[in-house]
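Good morning, and thank you for coming.

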Amino acid sequence: MLIEQITLHPFEDATLTSLCLSNLSDLKLSPRRAVIVCPGGGYSNLSHREDEVVAAQYLAAGFATFILHYSVKENAKDFRPLKEAALAIKHVRENAEHYNIDPDYVFITGFSAGGHLAASAGVLWDHPAVKEVLGTEDTRVARPTGMILCYPVITTGAYTHVHSAQRLCGTFQEESVANYPREVADQFSLELHVKENTPPAFLWHTAADQAVPVENSLLFAAACSRAKVPFELHIFPEGRHGLSLCNDQTASGSEKNLIPHNECWIDLATRWAKDLTV
């Protein structure tokens with residue numbers, strides 16, 4: 001097992017931790033597909049229920065797994081988390097031999113605000129902010145192969161998660177995002193930026209989500225459909241926001257986080273990522 005943690009310079013508060021089977025021993029293993037996990041937390045914190053325990057599930061399913069701890073709070077503005085995600089994807093891809101992964105298959109997955117970051121990495125991989133941090137016009141090295149989006153924050157419009165939008169826009173004021181200049185808020189409203197070169201997406205949400213309304217995933221799926229970007233969408237009828245794996249591993253003692261009907265999402269997602277071809 002290869003376990004490493006690196007800092008994503010120049011961002012000292014952003015780290016990437018690897019959990020993967022390497023070829024450092026005499027046992028020669030076939031290269032694996034990689035998944036970078038972005039926990040949620042409203043761009044205010046990082047949920048422990050959506051990082052290591054989720055990464056372990058992807059590892060058990062046969063993926064080389066990485067955990068991205070990205071900048072939050074006042075450091076979430078100016079596309080900083082997007083830049084960090086781009087650097088993370090680039091690092092994994094450029095160190096494919098070291099991590100024993102197939103560089104053609106580097107996925108990114110995220111939950112809630114982490115889902116927004118994962119979707120941003122897929123939608124905005126050629127954004128000027130990414131070009132700036134990579135120092136090149138050719139940002140394809142930072143384009144994920146696919147996105148796995150779990151009850152993601154997507155829009156800064158009518159169905160936004162206000163606290164996430166506030167931090168992305170660089171304000172902590174308790175005001176409606178509708179009062180922000182639209183040219184600022186629209187930069188982070190990802191359904192507005194899906195285009196034909198956006199990578200395929202897997203999404204799941206619950207219809208009962210009161211914190212990040214299901215319309216976030218529906219808007220993104222509709223945008224993918226218009227751009228002819230392949231996607232798979234699962235809407236489960238029950239369950240509150242922040243379910244993670246929906247089982248006792250991530251329930252944190254709350255029965256409301258135990259939704260057996262929804263547990264299948266991780267199997268559906270890993271099957272989708274294994275079946276995807278480029």
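Predicted model: local features only at pLDDT ≥ 70, side-chain atom pairs only at ≥ 80, totals over all residues.

Along the principal axes, the C-alpha atoms fill a box of roughly 60 × 45 × 35 Å. The protein is built from nine helices and eight strands.

How much of the protein counts as buried? The share is 56% of the 278 residues. Turning to contacts with a separation of 6 or more, 73% of them are between residues 24 or more positions apart.

Let me now take helix H1, which covers residues 52–60. Its buried residues are Val53, Val54, Ala55, Tyr58 and Leu59. In an α-helix there are 3.6 residues a turn, so residues three or four places apart point the same way. Against what do the buried residues of H1 pack? Their partners are the strands S2 (15–20), S3 (32–38), S4 (64–69), S5 (101–111) and S6 (146–150), together with helix H9 (265–275). Just after H1 comes Gly62, with a positive phi of about 105°.

I turn next to empty space. A probe the size of a water molecule, rolled over the atoms, shows where such space is left.

The count gives one cavity of 30 Å³ or more. The largest cavity holds about 60 Å³ of space. Its lining consists of Tyr43, Ala76, Phe79, Pro81, Leu82, His116, Leu117, Ser120, Leu124, Leu168 and Phe188. By class, nine of these residues are nonpolar, two are polar and none is charged. Which helices each supply at least two residues of this lining? They are H2 (80–94) and H4 (113–123), and H4 gives the most, with three residues.

The largest pocket contains about 180 Å³ of space. Around the pocket stand Gly40, Gly41, Gly42, Ser47, Arg49, Glu50, Ser112, Tyr151, His161, His241 and Gly242. Here the lining has one nonpolar, eight polar and two charged residues.

To close, I would ask you to keep the two linings in mind: nine nonpolar residues and no charged ones in the largest cavity, and eight polar and two charged residues in the largest pocket. Thank you for your attention.

Methods. Residues numbered from 1 in each chain as written. Heavy atoms only, no water. 1 Å grid on protein atoms, 1.4 Å probe; cavity = no way out; pocket = protein on both sides within 12 Å on 5 of 7 lines; lining within 4 Å. Points joined across faces, edges and corners; volume = space filled by probe spheres on them. Nonpolar A, V, L, I, M, F, W, Y, C, P; charged D, E, K, R; others polar. Helix = DSSP H or I, 4+ residues; strand = E, 2+ residues; numbered from the N terminus. Buried < 20%, exposed > 50% of the residue type's maximum accessible area, 1.4 Å probe, protein only. Contact = heavy atoms within 4.5 Å.
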